[in-house]
Amino acid sequence: MKTLAFVLPIYDEQDNIPVLYERLAGVAAGLADRYACEFVFVDDGSRDRSLALLRELRERDDRVSVYALARNRGHQIAVTAGLDVADADAVIVMDSDLQDPPEVAAELISAWEDGADVAYAKRRTRDDGFFKRLTAGGFYWTLSKLARIEIPRDTGDFRLMDRRVVEELRRYPERNRFLRGMVAEIGFEQRAVEFDRDARHAGQTGYPLSKMLKLAADGIMGFSSFPLRLISAIGMILAVGAGCWTVYLAIARWVNPDSVVEGWTFLAAGMFLLGGIQMLMLGVVGQYIGRIYEESQRRPLYAFKVSESGRRP
């Protein structure tokens with residue numbers, strides 16, 4: 001019998017965990033004749049009763065494994081930790097707020113059984129607010145234009161990965177992780193499974209605007225050097241423009257020596273404009289340099305304070 005592992009990152013999900021577990025158990029019951037299922041919960045430093053609830057589930061169900069990070073490290077690191085400890089023929093990653101319906105896992109498994117190495121859930125519709133839909137659409141459009149590889153649009157981390165893909169993913173050590181891009185870069189046969197994304201069942205989102213912007217930066221800077229090339233192009237345009245302007249002023253002064261260039265305000269505004277553009281460029285370069293610095297430290301991505309596996313020796 002083949003094995004399946006569900007990797008579920010948890011952050012302040014005490015109101016979602018009981019419902020999530022019941023629905024996961026229902027999915028596993030429908031697969032019991034073909035697959036042995038394991039539920040790998042990774043608590044990302046929750047401040048509520050999430051960890052206590054998970055440990056209660058662990059006591060009742062040997063299929064449940066509970067891992068708790070020593071502190072909050074973020075969604076992508078929590079998923080990475082789950083992938084590192086999961087030991088199964090295929091791993092299914094899904095969020096724990098029930099926006100990713102567990103029942104869609106059956107369709108992902110069907111695609112895997114049909115030969116796909118990665119079956120990713122693609123959102124056909126999404127029950128989100130206007131701002132969320134607008135920013136998500138803008139992000140995926142920008143990423144599709146800038147990334148050096150093709151990253152599927154309207155997808156999250158909800159996907160099934162074959163063991164071979166998971167083993168390859170474990171070889172990627174970077175700290176600023178954008179998992180959906182990393183999986184796309186690995187290759188293998190990848191197939192989309194469309195689904196309708198539900199609204200969050202309970203609680204507050206773990207992705208406020210600041211974290212969304214951080215994830216967007218990880219996606220763009222991790223898979224594109226376009227911002228650096230853009231800086232070079234802007235610098236060249238400004239240099240050429242400044243040279244042409246200098247030649248124009250010299251000729252004007254030579255043709256009409258009595259002309260006086262007035263307008264210190266204009267000059268000051270121009271200086272501030274160029275200074276602002278330079279600072280913006282330095283900021284983008286600094287982002288890349290900062291990431292190089294973080295990667296060069298080679299610190300561990302996470303540490304477990306709780307590790308309770310349901311696997312039998």
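Student: How many salt bridges does a search of the whole structure find?

Tutor: This is a predicted model, in which local features need pLDDT of at least 70, side-chain atom pairs count only at pLDDT 80 or more, and totals for chains, interfaces and linings use all residues. Residues are numbered from 1 along each chain as its sequence is written, and side-chain values use heavy atoms, with hydrogens and water left out. A salt bridge is a side-chain nitrogen of Lys or Arg within 4 Å of a carboxyl oxygen of Asp or Glu. Searched over the whole structure, the count of salt bridges is 14.

Student: Which parts does the salt bridge between R163 and D89 tie together?

Tutor: The side chains of R163 and D89 meet at 3.7 Å, N to O. Helices (H or I, at least four residues) and strands (E, at least two) are DSSP runs, numbered from the N terminus. The two residues are 74 apart in sequence, so the pair ties together helix α6 (residues 163-169), where R163 lies, and the loop between α3 (75-85) and β4 (90-93), where D89 lies.

Student: What is the N to O distance in the salt bridge of R191 and E189?

Tutor: R191 is partly exposed at 24% relative accessibility, and E189 is partly exposed at 39%. Their side chains meet in a salt bridge, and the N to O distance is 2.6 Å.

Student: How much space lies in the largest cavity?

Tutor: On a 1 Å grid over the protein atoms alone, a cavity is a set of points where a 1.4 Å probe fits but cannot get out, and lining residues have an atom within 4 Å of a point. The structure holds one cavity of 30 Å³ or more. The space in the largest cavity is about 50 Å³.

Student: Which elements each supply at least two residues of the lining of the largest cavity?

Tutor: The lining includes V79, L83, D157, R159, L179 and R180. Its residues divide into seven nonpolar, no polar and three charged. The elements that each supply at least two lining residues are α3, β6 (155-162) and α7 (179-186).

Methods
Buried means under 20% relative accessible area, exposed over 50%, partly exposed in between (1.4 Å probe, protein chains only). On a 1 Å grid over the protein atoms alone, a cavity is a set of points where a 1.4 Å probe fits but cannot get out, and a pocket is an open set with protein on both sides within 12 Å along at least five of seven lines; lining residues have an atom within 4 Å of a point. Grid points are joined across faces, edges and corners, and a volume is the space filled by probe spheres set on the points. Ala, Val, Leu, Ile, Met, Phe, Trp, Tyr, Cys and Pro count as nonpolar, Asp, Glu, Lys and Arg as charged, and the others, Gly among them, as polar.
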